[in-house]
Amino acid sequence: MALDKSPDMEGMTPAERAALYKQRAAALGIGKAPNTSGATAAPAKPAAPSPVAAPALPSTAVAERPGPAVPAKVAAAAAARREQVAAVAAREAAPSHKEQSERLVYVWPHLVTIEFMSAMLLLFSLVLVSVVLQAPLIGHANLDKTPNPSKAPWYFLNLQELLLHMHPALAGVIVPSVVLFGLIPAIPYIDRNTADVGKWFGTPKAVRISVFTFIYSTFVLIAEILFDELIGVKPLLKSIADATGQPWLVDPNPLGIGLLSMTNVIVPLTLMIAPIFLLLWLLKLIYKPDTIRDYMFALFTGFVAAFIVLTISGTFFRGQGMRLMWPWDPRQERVE
Amino acid sequence: MMNELRPFLEDLSRGNFRRALTENRVFKAWFRTGYPSTPRNQALIMFNNVFLHLHPVRIRRESLKITYTFCLGGLSFFLFLILTVSGVLLMFYYRPATTVAYQDMKDLQTIVNFGLMLRNLHRYSAHGMVIVVFLHMLRVFYTGSYKPPREFNWGVGAILLFLTFFLSFTGYLLPWDQLAVWAVTVGTNMAGATPFIGEQTRFLLLGGYEIGDNTLIRWYVLHVIALPLVISIFMAVHFWRIRKDGGISGPL
């Protein structure tokens with residue numbers, strides 16, 4: 001048929017082919033109402049477009065159908081759609097029952113063996129570590145003697161590190177809540193394309209983007225920690241406030257609302273969010289991400305990097321007074 | 001009665017011990033399926049066993065690949081089981097009162113047989129569970145396994161991560177040493193910074209204005225009963241949902 005894929009269409013882009021279909025449909029007179037002169041032909045409304053678009057319909061249905069006229073646009077779209085369906089059918093013939101059966105394996109013994117072996121391996125290594133390494137138990141609790149430094153368990157030291165740089169509500173409650181109950185659960189509703197499901201780093205640029213993001217985030221976080229330790233948001237704003245005569249810049253409670261403080265909230269929040277946008281812009285510039293999934297790799301990797309860097313910093317690089325220091329500094333020792 | 005026993009006795013007298021042992025009602029009631037070496041028995045054992053029925057009878061071949069999952073989800077659950085067993089054993093020796101808790105810990109380490117190892121195992125498994133659950137989340141993200149139809153289960157997973165942190169943190173106070181109380185002081189002060197309801201949150205967590213006996217019993221009850229129950233419910237939903245969403249993710 002005239003509206004099927006013809007040999008001369010090889011090597012054309014789908015858009016070019018769609019244009020050609022449209023031309024041919026017009027040449028065949030599809031789209032003009034039958035038995036009327038051109039002058040009076042009102043643009044015919046597409047009668048139910050569904051039978052036209054239905055891919056299983058033989059192609060004759062479009063060109064030779066008597067009755068209400070089919071607009072050229074619809075006929076062309078149907079042809080393009082037919083071609084797509086044919087391509088999918090050619091690529092992936094439905095697996096036969098036998099083939100499907102061969103893709104499946106019995107859970108007993110295949111999966112249960114793997115599960116059992118991995119569980120035993122983990123148990124033995126944990127028992128081994130438990131025999132060799134003693135868990136800490138220091139002196140009896142004494143609420144009158146504050147150890148210096150006082151630290152939370154390691155998986156909260158990222159938040160404790162954050163706490164050193166901003167308002168406690170922001171560091172201890174708002175940021176972790178927004179991440180754990182807002183951003184992370186929201187991921188699947190934003191990134192819905194299932195093309196890369198089931199493959200590690202499923203898009204062509206995923207690895208490069210993730211590696212770049214991890215390195216970038218690590219550098220930014222270290223730079224920000226060093227900046228706050230060596231220069232400091234508060235001293236910097238203090239000197240600006242003194243020089244310009246704007247005391248509200250360092251007011252911890254402007255208008256009586258702590259969450260409006262420049263030093264505790266606004267500046268730290270900006271320093272958290274601005275590098276994310278800078279990262280997305282850099283990625284757009286360098287890697288030209290193809291899909292939203294590529295950006296999602298970056299955002300999630302940034303979160304992982306932040307979790308790791310802040311945990312390491314809070315655990316190993318904070319000593320007495322929670323000052324920044326090397327892990328081997330003598331002031332790392334806990335005193336009471 | 002004698003009629004029913006006759007085949008058993010006959011087998012015994014003929015020296016057919018294997019048949020005497022297996023071909024009777026008692027054996028078949030307790031071992032409902034024959035050894036799973038035939039497709040029929042391989043299917044039956046999954047149907048007839050309450051623990052195995054978490055799994056389907058058959059799965060896609062790709063799902064077996066260790067470098068795809070690294071068994072992280074299963075190991076998270078296994079760590080929970082280790083923690084439950086070792087935790088129950090520890091409960092026999094530990095009393096949640098500020099006057100005795102620390103001494104009970106010392107006794108565990110010095111007097112109780114295997115007490116030191118038991119405590120170490122519990123503590124390292126707890127750290128391990130935090131790490132493995134986090135790694136499991138990374139695996140699910142980087143393989144795109146949260147995408148439709150698995151959005152809901154990803155959300156359940158986020159709740160499970162939070163509960164894992166909270167379970168681990170509530171256990172941190174129980175040894176009642178300086179490390180424990182001051183870590184919890186830091187943690188509850190952070191929670192006390194919650195906007196609008198900070199004071200109330202801190203009071204709720206401490207059972208008062210200061211860390212003490214009320215805090216210990218609260219965290220103990222949360223740690224040994226309340227949170228394990230809650231996390232079990234969410235784990236049940238999480239596992240059931242894997243089946244409903246068509247098994248673990250794989251290439252299309």
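The model is predicted. The side chains of B:Glu62 and A:Arg103 meet in a salt bridge, at 4.0 Å from N to O. Between chain B and chain A the count is 4 salt bridges.

Next, the interface as a whole. Chain B brings 81 residues to the contact, and chain A brings 83 residues. About 7,700 Å² is buried between the two chains. Carbon and sulfur atoms give 72% of that area. On the side of chain B, B:Tyr142, B:Gln178 and B:Met190 supply 11% of the area buried against chain A, more than any other three residues.

| Interface item | Value |
|---|---|
| Residues from chain B | 81 residues |
| Residues from chain A | 83 residues |
| Area buried between chain B and chain A | about 7,700 Å² |
| Salt bridges between chain B and chain A | 4 salt bridges |

Now chain B by itself. Its division gives domain 1 (6-54) and domain 2 (65-244). Taken over C-alpha atoms, the centres of these two domains of chain B are 41 Å apart.

Which residues form a nonpolar patch on the surface? They are B:Met1, B:Met2, B:Leu5, B:Phe8, B:Leu9, B:Leu12 and B:Phe17. Together they have about 710 Å² of accessible area. Helix α1 (residues 2-13) of chain B gives the most to the patch, with 5 residues.

B:Leu5 sits in helix α1 of chain B.

Conventions. Residues are numbered from 1 along each chain as its sequence is written. Chains are lettered from A and ligands numbered from 1 in the order in which they are written. This is a predicted model: local features need pLDDT of at least 70, side-chain atom pairs count only at pLDDT 80 or more; totals for chains, interfaces and linings use all residues. Side-chain values use heavy atoms; hydrogens and water are left out. Patches are made of residues with over 30% relative accessible area and no salt bridge: like charges are joined within 9 Å, nonpolar side chains (Val, Leu, Ile, Met, Phe, Trp, Tyr) within 5 Å. Accessible areas come from the Shrake-Rupley method with a 1.4 Å probe; for residues, only the protein chains shown count as cover. Helices (H or I, at least four residues) and strands (E, at least two) are DSSP runs, numbered from the N terminus. Domain bounds come from an automatic or database domain assignment. Contact means heavy atoms within 4.5 Å. Buried area is the accessible area (1.4 Å probe) that two parts lose on being put together, summed over both.
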